[in-house]
Amino acid sequence: MSQSAKTLLEVSNLTMRFGGLLAVDGVSFELHDKEVFAIIGPNGAGKTTVFNCIGGFYRPTGGSIRLDGESIEGKASHVVARKGLVRTFQNVRLFKQLTVLENLLVAQHSLINTSLFSGLFKSRAYRQSEEQAQARAAHWLDLLHLREFANREAGNLAYGLQRRLEIARCMITDPRVLMLDEPAAGLNPQEKRDLQVLIDLLRRDYNVAVLLIEHDMSLVMGISDRVLVMEHGCPIVTGLPAEVQRDPRVIKAYLGEE
Amino acid sequence: MFSRVKTALFAAIIAGVIIAPVFGLQITRVGMATTIVPEWNMIFRGMAIVFVFHLIRPYLAKFIFKPKAKFTAPVMGDKGRKALTFLLIAIALIWPFFSGRSQVDIATLVLIYVMLGLGLNIVVGYAGLLDLGFVGFYAVGAYTYALMYHWLGLGFWWALPCAGIMAGIFGYILGFPVLRLRGDYLAIVTLGFGEIIRLLLINLYDFTGGPDGISGIPKPTVFGFPMARRAPEGETTFHDLMGWSFNNQDVVIYLYMLALVLALITLFVSNRLIRMPVGRAWEALREDEIACRSLGLNPTGIKLSAFTIGATFAGFGGAFFAARQGIVNPESFGFIESALILAIVVLGGMGSQIGVILAAILLTVVPEIARGFAEYRMLVFGLVMVLMMVWRPQGLMPVKRPTVELKA
């Protein structure tokens, strides 16, 4: 990805403190259009905290977050999501008792006609908007090979399918930034390869920039344009995957000192 | 065999100990003297029943559970379901004309509970917000009509929409402080809310009549013609208009029909709501609030809408209740009433409308039939709830997810 691409998300000097614990300390990075940017680091490095700050689940102690030039730090999470920044969760958070299809319909809540009266009287506009919502859902079900499960309860799906559904549920909101928190955790090798293909497809065809937290190095090195390595809440290196892999500080963080 | 006899004997003795003070000691009064007469017959008979039961219990279990044929409800298409619905509505419309007065009266009560159950079902069943103060909104609805009549002289048809709106406003107001609460904490706050309403009604003596409540509330009119034996000055009663003689049965049937219409409207609206975006959002909120927020759904609005709409239904139910009773007082709106409505929702199966209707019928009709056991009513009630939770925690009629045929 060339440096001249448009900056979509700009995080600068992000700090998050929980009482005496400095969970995130001065993290800065930029996410460009259609870029896949990975954040890696040992467990407890503060990666998910960074996600929570960006997504509005935590109010950062310091620093700024800008989406397309607009400051979003400290905004409520549903407001941030409506601006086109959505995420998946480390431990899948589906609406378990709802069907797969309903999961995808709920996700479109902010896009569709939610007026009470037009719904009660099934107005024309309401029916059209419901049909469109279903059509969009059908599109994503097809793309992710989930159509045959459309009327199953989401909680009864196999784990790999649940992960896929969670991504579909994010994508159906037409996001600009997709944040994936360990999307490959618990997947088998084949599913990991599929995931890599999927992420490539999403950014190419659906114009979304991907922010990725992942422990699976082959996945990270395979699809990321740039990588940020964190340790103990601090950013260590940002760079191309190949550079990062060779960096002695990164090796030290992961393997410890000689 | 010996061990079985031993257990049976032991069970019989325990039974005897329990039976003796309850049935075995009869109090007889002869003139001034009161004496306790032990009824050995009763005690021994009870012990014998328990003994025999325990002896044959293993065979009994085999006998009962052997045919493991699973009962499955017949699957109906959309057409079949529609036909059945119409049939049921037709029956509900016709039967009161061939039935006794007290039966129709009980059916009216059932319909009020159906309304309340469907209202609470939105809050508890769909949105997953445990509300123990639901009766508060019911009270608001009832008192809205009572007070509007008492102070302004307005009739039922004016008061009905106002009662719904008032209860809705109260639901909205309660929604605010509890937005951040979930589960147990929410339950406690709503419980307190219900009590506050009741205490306000008792203590605002000059306005609400305090513990005596307000009486003489008129029944709903038929297009402006009162349904009563004698009309107030300058008005014609309905039976005069029609040239009938006055019959109390007509009033009871009229009230029943009104309740039926209100309950059907409630059913229709809540049935529609759950298939609408707002209904889906309620269910999503129940499943996972954080995931909701991450997808741009605003939990505040969703919770408030659930509280408001649920309360509105209770308000309609309350106004009708006031009209039916002719008198309202705070006693009708105690915690036990909240518990009963909640029991209807839980027993029926959270989120299941058919279940709620069934449970409303069950929990209203059974106590009426078993009038003779009136003292044991709460005992049986509690027992049924415990057994339900053990054997069928999902309720009588668990929710079935809607199946949607997607276009290619």
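Reply: Happy to. Strand β1 (residues 7-18) of chain A pairs with strand β4 (residues 62-67) of chain A in the antiparallel sense, over five bridges. Strands here are DSSP runs of E, at least two residues long, and helices are runs of H or I of at least four, both numbered from the N terminus; two strands pair if DSSP finds at least two bridges between them. Within this pairing, T15(A) stands opposite G62(A) in β4(A).

A word on the source: this is a predicted model, in which local features need pLDDT of at least 70 and side-chain atom pairs count only at pLDDT 80 or more, while totals for chains, interfaces and linings use all residues. Residues are numbered from 1 along each chain as its sequence is written, and chains are lettered from A and ligands numbered from 1 in the order in which they are written.

Stepping back, β1 and β4 belong to an open sheet of four strands in chain A, ordered β2-β1-β4-β5 with antiparallel pairing. Its edges are β2 (21-32) and β5 (70-71) of chain A, each of which pairs on one side only. In general, strands of a sheet pair through backbone hydrogen bonds, either parallel or antiparallel.

As for the wider chain, an automatic or database domain assignment sets the domain bounds. For chain A, the assignment gives domain 1 as 7-84 + 174-255 and domain 2 as 97-159. The C-alpha centres of domain 1 and domain 2 of chain A are 29 Å apart.
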